[in-house]
Amino acid sequence: MAKMETKTSLLDNMIGVGDMVLLEPLNEDTFINNLKKRFDHSEIYTYIGSVVISLNPYRSLPIYSPEKVEEYRNRNFYELSPHIFALSDEAYRSLRDQDKDQCILITGESGAGKTEASKLVMSYVAAVCGKGAEVNQVKEQLLQSNPVLEAFGNAKTVRNDNSSRFGKYMDIEFDFKGDPLGGVISNYLLEKSRVVKQPRGERNFHIFYQILSGGSEDLLCRLKLERDFSRYNYLGLDSARVNGVDDAANFRTVRNAMQIVGFMDHETQSVFEVVAAVLKLGNIEFKPESRVNGLDESKIKDKNELKEICELTGIDQSVLERAFSFRTVEAKQEKVSTTLNVAQAYYARDALAKNLYSRLFSWLVTRINESIKAQTKVRKKVMGVLDIYGFEIFEDGENSFEQFIINYCNEKLQQIFIELTLKEEQEEYIREGIEWTHIEYFNNAIICDLIENNQTGILAMLDEECLRPGTVTDDTFLEKLNQICATHQHFESRMSKCSRFLNDTSLPHCCFRIQHYAGKVMYQVEGFVDKNNDLLYRDLSQAMWKANHSLIKDLFPEGNPAKINLKRPPTAGSQFKASVATLMKNLQTKNPNYIRCIKPNDKKAAHIFNDALVCHQVRYLGLLENVRVRRAGYAFRQPYEPCLERYKMLCKQTWPHWRGPARDGVKVLFNDLEIPEEEYSFGRSKIFIRNPRTLFKLEDLRKQRLEDLATLIQKIYRGWKCRTHFLLMKKSQIVIASWYRRYAQQKKYQKIKSSAIVVQSYIRGWKARKLLRELKHQKRCNKAVTTIAAYWHGTQVRREYRKFFRANAGKKISEFILQKIIQKYFLEMKTKMPSLSPVDKNWPARPYLFLDSTHNELKRIFHLWRCKKYRDQFTDQQKLVYEEKLEASELFKDKKALYPASVGQPFQGAYLEISKNPKYKKLKDAVDEKIIIAEVVNKINRANGKATSRIFLLTNSNVLLADQKSGNIKSEVPLGDVTKVSMSSQNDGFFAVHLKEGSGAAGKGDFLFSSDHLIEMATKLYRTTLSQTKQKLNIEISDEFLVQFRQDKVCVKFIQGNQRNGNVPTCKRKNNRLLEVAVP
Ligand SMILES: Nc1ncnc2c1ncn2[C@@H]1O[C@H](COP(=O)(O)OP(=O)(O)O)[C@@H](O)[C@H]1O
Ligand SMILES: [Mg+2]
């Protein structure tokens, strides 16, 4: 397998040297150059061991993002490139995990970046410590206390646009889990002289400008302020606006922050009222007024401003006015009131303004503390962040009491640094029994002593002067200094007894100079006494206490006449000394973490690195000595247990568990890793590692090893996971298989079982049926046998006994009776026979039902017999007549209404006796054939329907029509030309004779006749035609038929019910096409 790419060491890719301890060779130049090189590459942080050097970049760098926070979170100090977050993380973790209270000491000159650093530390800790709504609120309040305090306590100075004018130490409190609970802020000596006067090029505290720029019209109106800065004497005009600072926006931020921190609206309002009052105080001016007794007296020039202040603060105007004009001194129960001259009045005014403002500031801190105070009483872990004003020197010698105090404070911090890093470290080696050669360093304890010594210290002497009765001035104070401190190495004064500085023209007479650890500072003695006294006339404090304004009243508790305290309040100097002493004590109980801020240039500009300036700071901060001690000593130390815990995975013997003393474990480990012996030493409780390189190497190895271990764990875990998964699958498979098998077997068994049952049932059924059949057969056999036997016996018995029974008697009797009945029937019939007339319908009644068919048959036979008898009597003539009648019956019976009437009439044929009548001699001669019909008929005239008589003759072959009178033949039609005879179904004698079309006789068309003997004529015509032509004449019986008259076809229609002409049918021509025959 390819070897994993080795991780690059921390030391690679680093710009310059990240830890000065590694610098080779080490001297001032290389030190400065390394800083410079890193600074040029935007690497502003460099380590000296665990101390962080921070260079102010004066521009925003992209190294504080949340991703960076995550990157540094829970990482070892040396793991990543130097960063303030690494220090913060280290501090937070040892607080959380090792229960060690921490303090972050941030030092450096004004403008070096201390305040920014402190904010970065706080925001990092806030980002990495606990989560949750409650915790977040605490964090938010802690963070938001900054903008409030900065607005009231910071100002633009020549060194820094946002210079802290107060010292601040903040304890952040955590619970056992490392969740923030709250905090406590301590403030140190606000530079209150700034309220009434600012050095050239500097500004008053931000809040004044912020209110004026950002306050709404309404707010300004309520505060009786005007937006114009120039209206206010207290606001330095030459730099009222600062580049890149938006006072209005900042004001909104501050108000928002105040809200978050928990200020009530009325509190915020009161705070702004006090600020406004301070601002307006500056505008009160006095003019001299002489009194009769010669005493100077002052008077307020324009009372308008005073009036407004009083309205704003609820002070009685007259009370305040009096307080500005008189001073009451109480001594031994005696009250003496003196007038104030103009200068005193101004002094009083400024003192009031300063006091008002500084007390307001302290109140703000107290108020914030109230809000951010931890709510529980449980034991807390504490992380202190100290951001105190930086070392300050005004080159023009304008250094006053404030600078003295500030620098004293820095001196003390340097002292603690020396104590804890240089001194403590060297002492630790001795304590731990490590061989050690002492390294020289400058200890500034001597300077601290010069200032704070209780008998001979400058502060003590200043207090002495202030308390001394008699005239006390700044000069008397200087004189005293000159006497007492003359011999001190670090004190310089023209007038001192020590003649060293008699001719030093750079040192004015009214000044003294102190060689601070960070350089010489010349202090102007003017104002020291006053500022130390910090006096506010009692009349003023009483006036303030009387104010109808709860905040102002609270700020001046000593104004309460009931609590008059004649004892002098402690001086500013002693107060400060005491609070610094407390602070130092506090810091010493905690584990210190140092951030040493360095200012790369004086111009507040980015990218400029002023070597000389940096060199100066490096020198007085004692950074080189720091490195030297570190190098000569050991860069890194750690108690054996945590060290073994951290690196034990690097050696087989110690991994995973080392049983035995941790010290031996570390020994084994280091031997195994083949670390050269000179690289480490074994102390009593700690291992000391000389070179950070070794540590880095250890870290690199650890990192590598951790990756391997991670891979191993991963591998084993994956294996385990796969195996578990496999086993689970296997188990599941077995379960499934067993279930399935069971199921399959069950199925199979059920199938076999049901088949067995079926087979069984069939067999049983078959057996049963077989048995049944046998039983049935047996039964039948038995029965048959019984029957046969019975019959047999019966037969036997009958045969034997027949002769004894009259078995056939009944039958014979019945046969006999029947014969007798039939006999009787026939004999009776003989007598009852009806007549022989064929039409006689009589027949004797049937005597017996069973003779019914016989009786009917007999009747039929009889009838046929008598008909035969009747027919046998006929002559040939009579036979013919009956034949004709029969023919007529077949043709017309039930077809023509006229027919029944014809039945009784004999067919005579020759009604006209042509041969006998001479009239018809000619006609008789013309006809030589036998005449079948000779009769008079009415021929219907086709024109009008009238009838004309004609003689109708039918011979064997012709039909002849002749005139009735003359006997002349009118028409002769051979029978072959007659095609049809038409007639109605009714009781009339009309009939039409249709002729064959185109025949000779058809010239005049068909004939329409009327005759009384229609049935006879039609029958004879039919019979003759049949015998003559062997064809059946078509006889059409219809109540409407067509007749061809010449060319016309005329319809003959028969209608019934016309009785007009009696009982005679009438014919009438209706139109060309219709002849209507009315039949009665
Ligand atoms: N880490 C930083 N990154 C960017 N700008 C910084 C940083 N530190 C300081 N500054 C700049 O320097 C100015 C002065 O810093 P500040 O912390 O107020 O100084 P100090 O408190 O030491 O007097 C800040 O207003 C800011 O503009
Ligand atoms: Mg600051």
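These exercises walk through selected parts of the structure above, each with a worked solution.

The model is predicted: local features need pLDDT of at least 70, side-chain atom pairs count only at pLDDT 80 or more, and totals for chains, interfaces and linings use all residues. Residues are numbered from 1 along each chain as its sequence is written, chains are lettered from A and ligands numbered from 1 in the order in which they are written, and side-chain values use heavy atoms, with hydrogens and water left out.

**Exercise 1. The sheet with β17**

Task: Work out the strand order of the sheet that holds β17, β18 and β19, and find the helix that packs on it.

Solution: 
- Start with the terms. Helices (H or I, at least four residues) and strands (E, at least two) are DSSP runs, numbered from the N terminus. Two strands pair if DSSP finds at least two bridges between them.
- Read the order. Three strands make an open sheet, β17-β19-β18, with antiparallel pairing.
- Find the edges. β17 (636–639) and β18 (680–682) each pair on one side only.
- Contact means heavy atoms within 4.5 Å.
- Give its angle. Axes are lines fitted to C-alpha atoms, for helices over the stretch in contact, and angles run from 0 to 180 degrees between N-to-C directions.
- Count the bridges. Four of them pair β17 with β19 (residues 686–689) in the antiparallel sense.
- Name one pair. Phe636 has Ile689 of β19 as its bridge partner.

**Exercise 2. Around ligand 1**

Task: Describe the residues that surround ligand 1 and its contacts with oxygen atoms.

Solution: 
- Sort by class. The shell has four nonpolar, seven polar and four charged residues. Here Ala, Val, Leu, Ile, Met, Phe, Trp, Tyr, Cys and Pro count as nonpolar, Asp, Glu, Lys and Arg as charged, and the others, Gly among them, as polar.
- Take the side chain. A polar side-chain atom of Asn56 is 2.7 Å from an oxygen atom of ligand 1.
- Take the backbone. A backbone N or O atom of Gly113 lies 3.0 Å from a ligand 1 oxygen atom. For Lys114, the backbone distance to an oxygen atom of the ligand is 2.8 Å.
- Finish with the area. Alone, ligand 1 exposes 550 Å², and the protein buries 84% of that. Accessible areas come from the Shrake-Rupley method with a 1.4 Å probe.

**Exercise 3. Two partners for β24**

Task: Find how β24 pairs with β25 and with β27.

Solution: 
- Recall the rule. Strands of a sheet pair through backbone hydrogen bonds, either parallel or antiparallel.
- Take β25. Strand β24 (residues 978–983) runs antiparallel to β25 (residues 990–995), and five bridges join them. Met983 has Phe991 as its bridge partner in β25.
- Trace the link. A hairpin of six residues leads from β24 to β25.
- Take β27. Strand β27 (residues 1034–1037) pairs with β24 in the parallel sense over four bridges. Opposite Val981 stands Ile1035 in β27.

Notes
Near = heavy atom within 4 Å. Polar contact = N/O pair within 3.5 Å; in protein donor to acceptor, adjacent residues only side chain to side chain.
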